[in-house]
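User: I am new to this structure and would like a short tour. Could you take my questions one at a time?

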Amino acid sequence: MKDNKSSGFPGHAPGNETGLPGIEIEIPEIGTASANSTREGVPKGTPKALSQIRTQPSAAPLYEYEPRLPLIEKVSVFRWGTEYRYYDSFLEAAERLKSLVSDRSEYTPFFSYMPQYSQLNAEQLGYYLCLRSEITEGRFPEADYGYLLLLIYESINLAGVYDDHDRGIPPETALDMLLNIWRGYRNIHPRLDGQLSEWVCDFCLIHRMRPPLDAIRPFVRDAVKSASLKEFYAEPEGDGFIPFLTDHVSGYDYRKSRFASDAGAGALFDRHIPAMLDYVSASGDGQGSLLGRLDPRTVSRDAFVGALSVPAVKKKITVIYKSFTASFETKMAVTALIKYGENRLRSALGIKSRMSVTGLPDRLKRLADSYFKEVNLISEQHRTAAASGPAVPEWEKYYEPEKTEMSFERAREIEQSSWETTEKLISAFGDGLQEGGASPEAEELPAEAEGGSAPAPVPGRMPDGDAPKEDPSAGTAATELSGDQAGSEETGSAGVPSAPWPEAYAGFVSALLKNDRKAAASESKRLGRPSAIIAEEINSAAYELFGDILIEETDGGFAIIPDYAEEAARLAGEA
């Protein structure tokens, strides 16, 4: 290996200093010929340029290796299939400038979508060389995005031609520059996360270097979110790959839960959700119990997409790896399991609201419940003790549902009042309605539903003669509905109203209260509706009334949430 100080960024050879402006170095324009070019530079957009691009065979890799990374099994590096020469002058200029320094520390703006040396004037070039020295030493003065891109391009290309003939710079030196730029400027220029997460991955795979996790650990969680090969940055920790699952596989971030902002609840989530995932993943068939079998996958990627690079540097890379992120089923399972675990913790904290969890296999629910039983966070005693503890957010009390007695008579009074308001509105805007063909004088307020009497016609509702016949299978609960309920557009299939607290479902709720699954199934069959649909409609009605769902899905089927047993009893007519 050559001494870094004779190779570029970390030091410079004596006599290479320049005070600038007036740096005396010839920087050829892109596409122009240079003395060291073996072929003429290729100007863009000319037939001659097209004739000088030729495809190279790339069937056999330049080299292959096994990196011994946790999820990366094999890497094959191929020559880039097309030869092009229009960046040769950029590389030659980079070679000339790699050991130069400047004392011009006065900030000079520079903007370019694809920055190149030929675009810099003397002042900008002086500041660029000074900036490079500062970043090498771990200092980060003001820098436009164009300067940073130019430094990145320079590092990638000079490392790509490094050899024993005093060409380029060592890959280690170039990687240090890339990481310093990433670490020092990602908050100022957020686009760096998306670009460097890809280019650093390509750089390390090509140069057989390990992921620089120590350097990017403080921000790796956010920085690699957009990386296409996240598994390159994965590493097992004390709890396996669990941080990788929560950060990059799950579609739900429990740390952003509105309850996690409370110190007590947040600490509980951080302690038990990863531990639950670890418990589930380690049970049964190891990782397979949660993630299924991780079969090897193969991906081919073009190196340094979007970056300026010469063909000697640009490569095609094939990676064989085990993927956590490619399976949609895995993402769904991890997401649902994290939500399920948070629901259990909310219950332990006495928080009544729950998230909807769908698509979680029963085997994973059982494993999660086993974990919470082992840590004593699923018992009623613990839930009761935690409910009065400081872990419950202070503002939670303002969201408690109002405790009122349920009354169907009161519901009818509210409906009657709403029709009176409707009549007043129709009268107030009668002229406009008459133009549309409806006469407000002809509309009458529907009679109160007493003994099943039918209401008078109202705008937008079916007349009595067109009302669907009652389904005999609906039983007596359906025949007790008022004429308005039986014939309104708000009536669901099988004559069951979707208004809050549907009486027809009282038997289903009563069966769940008694934990009688057979009776619940019989009620579902009698009503002619799947249990899942009935539970969903009951939850919708409950949410309208007191702001939360009433029924949750458990390992054995649907069940009443214990916190709302009293409300459920009123719904079933048992209280």
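This is a predicted model: local features need pLDDT of at least 70, side-chain atom pairs count only at pLDDT 80 or more; totals for chains, interfaces and linings use all residues.

User: What is the strand order in the open sheet of 4 strands?
Analyst: The order is 3-4-8-7, with antiparallel pairing. Strands (E, at least two residues) and helices (H or I, at least four) are DSSP runs, numbered from the N terminus. Two strands pair if DSSP finds at least two bridges between them.

User: Which are the edge strands?
Analyst: Strand 3 (63-65) and strand 7 (296-302) are the edges, and each pairs on one side only.

User: How do strand 3 and strand 4 pair?
Analyst: Strand 3 pairs with strand 4 (residues 72-79) in the antiparallel sense over 3 bridges. Glu64 is opposite Ser76 of strand 4, and Tyr63 has Val77 as its bridge partner. The two strands form a hairpin with 6 residues between them, and Arg68 in the turn has a positive phi of about 60°.

User: And how many bridges join strand 4 and strand 8?
Analyst: There are 7 bridges, again in the antiparallel sense. Ser76 also has a place here, opposite Thr318 in strand 8.

User: Which strands of the sheet does helix 6 touch?
Analyst: Helix 6 packs on the sheet and touches strand 3, strand 4, strand 7 and strand 8 (315-322). Its direction makes about 90° with that of strand 8. Such angles run from 0 to 180 degrees between N-to-C directions, with axes fitted to C-alpha atoms, for helices over the stretch in contact.

User: Phe203 next. Is it buried or exposed?
Analyst: Phe203, in helix 6 (residues 191-206), counts as buried because its relative accessibility is 0%. Buried means under 20% relative accessible area, exposed over 50%, and partly exposed in between (1.4 Å probe, protein chains only). Leaving aside neighbours within four places in sequence, the contacts of Phe203 include Ile156, Leu178, Met209 and Phe304; contact means heavy atoms within 4.5 Å.

User: How many residues does the largest nonpolar core have?
Analyst: It has 74 residues, and Ile152 and Tyr233 have the most contacts inside it. The largest share, 11 residues, comes from helix 4 (residues 145-160). A second, separate core of 37 residues includes Leu71, Phe269, Val280 and Tyr371. A nonpolar core is a set of buried Ala, Val, Leu, Ile, Met, Phe, Trp, Tyr and Cys residues joined through side-chain atoms within 4.5 Å.

User: What does Ile152 touch?
Analyst: Not counting residues up to four places away in sequence, Ile152 touches Leu178, Ile181, Leu192, Leu196 and Trp199.

User: Changing topic: why does Gln124 count as buried?
Analyst: Gln124 counts as buried because its relative accessibility is 11%. Gln124 is in helix 3 (residues 122-136), and a polar atom of its side chain lies 2.9 Å from the backbone oxygen of Pro109.

User: Lastly, how many of the 8 residues of helix 19 are buried?
Analyst: In helix 19 (residues 506-513), 6 of the 8 residues are buried, so this helix is largely enclosed by the rest of the structure. Among the buried residues are Phe508, Val509 and Leu512. The elements they pack against include helix 20 (517-527) and helix 21 (531-546). After helix 19 comes Asn515, with a positive phi near 55°.

Conventions: Residues are numbered from 1 along each chain as its sequence is written. Side-chain values use heavy atoms; hydrogens and water are left out. A polar contact is a pair of N or O atoms within 3.5 Å; within protein, one must be able to donate a hydrogen and the other to accept it, and residues adjacent in sequence count only if both atoms are side-chain atoms.
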